[in-house]
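Please open the structure in your viewer and keep the selection tool at hand. Each stop below says what to select and what is there.

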Amino acid sequence: MNMKKYKIVYEWDFCIGAANCEAVAPEFWELDDNQKAILKGGKEVKKKIFELVIDEKDLEKNLTAAKLCPVNCIHIYDMKTGKKLI
């Protein structure tokens, strides 16, 4: 059975360091020395924009992290359909 894949797109510049993402998904998020979130394992695809592909089992906690972000700098896409979930 194929697990569905999702892509997190994170805009570092807009992060204000609220740390809600780190609180709900610390295995994916942590604050750096600038008090901005780091997407663990994320690849910088454009200047200060990071992407990480995750499995369906990790979707719910990252959706929660994105929903709790006060500046909406975490976006999640369905890799199969390209649809933006948040």
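## Stop 1: Lys36 and its surroundings

Select Lys36 and the residues around it: beyond its neighbours within four places in sequence, Lys36 is in contact with Tyr10, Trp12, Asp13, Cys15, Gly17, Glu30 and Leu31. The model you are looking at is predicted. Lys36 belongs to the loop between S2 and S3.

Is Lys36 buried or exposed? Its relative accessibility is 16%, so it counts as buried, the cut-off for buried being under 20%.

Now show the side chain of Lys36 together with Trp12 and Asp13. Lys36 lies over the face of Trp12, 4.5 Å from the ring centre. The side chain of Lys36 also reaches the backbone oxygen of Trp12, at 3.4 Å. A polar atom of that side chain lies 3.0 Å from the backbone oxygen of Asp13.

## Stop 2: the aromatic residues

Select Tyr10, Trp29 and Phe50, which form one aromatic cluster. The structure holds two aromatic pairs. In one of them, the ring centres of Tyr10 and Trp29 are 5.0 Å apart and the ring planes stand at 80°, so this pair is edge-to-face; the cut-off for that label is over 60 degrees. The pair links distant parts of the chain, with Tyr10 in strand S1 (residues 5-11) and Trp29 in strand S2 (residues 29-31), 19 residues apart. Tyr10 and Trp29 are both buried.

Move to Phe50, which lies in strand S5. Which residues does Phe50 touch, not counting those up to four places away in sequence? They are Ile8, Val9, Tyr10, Trp12, Leu39, Gly42, Lys43 and Glu44. Between the C-alpha atoms of Phe50 and Ile86 there are 16 Å, and the two residues are 36 apart in sequence.

## Stop 3: the largest nonpolar core

In soluble globular proteins, nonpolar side chains tend to be buried together. The largest nonpolar core here has 22 residues. Two or more residues each come from S1, strand S3 (37-39), S5, H2 and strand S6 (74-78). Which element gives the most to this core? H2 does, with four residues.

Centre the view on Ile74. Setting aside residues up to four places away in sequence, Ile74 touches Ile8, Val9, Tyr10, Cys21, Trp29, Ala65, Ala66, Cys69 and Ile86.

## Stop 4: helix H2

Select Leu59, Asn62, Leu63, Ala65 and Ala66, the buried residues of H2. Look down the axis of H2: these buried residues fall within an arc of 160°, so they line one face of the helix. An α-helix has 3.6 residues a turn, so residues three or four places apart point the same way. The buried residues of H2 pack against S1, helix H1 (20-24), S2, S5 and S6.

Then step back to Asp58, in the loop between strand S5 (49-55) and helix H2 (59-68). Asp58 is buried, with a relative accessible area of 11%. Its side chain makes a polar contact of 3.1 Å with the side chain of Lys57.

## Stop 5

Most residues other than glycine have a negative phi. Select Ala19, in the loop between S1 and H1. Ala19 is not a glycine, yet its phi is positive, about 70°.

Lys48 has a positive phi too, of about 60°, and is not a glycine either. Look for Lys48 in the loop between strand S4 (43-46) and S5. Lys48 is partly exposed, at 29% relative accessible area.

Finish with Phe14, which lies in the loop between S1 and H1. Apart from neighbours within four places in sequence, Phe14 is in contact with Val71 and Cys73. The C-alpha atoms of Phe14 and Lys48 are separated by 9.5 Å, although the residues are 34 apart along the chain.

Definitions and conventions:
Residues numbered from 1 in each chain as written. Heavy atoms only, no water. Phe/Tyr/Trp six-rings, centres within 6.5 Å; stacked < 30°, edge-to-face > 60°. Buried < 20%, exposed > 50% of the residue type's maximum accessible area, 1.4 Å probe, protein only. Lys NZ or Arg CZ within 6 Å of the ring centre and 35° of its normal. Polar contact = N/O pair within 3.5 Å; in protein donor to acceptor, adjacent residues only side chain to side chain. Core = buried A, V, L, I, M, F, W, Y, C linked by side-chain atoms within 4.5 Å. Contact = heavy atoms within 4.5 Å. Arc of directions from axis to C-beta.
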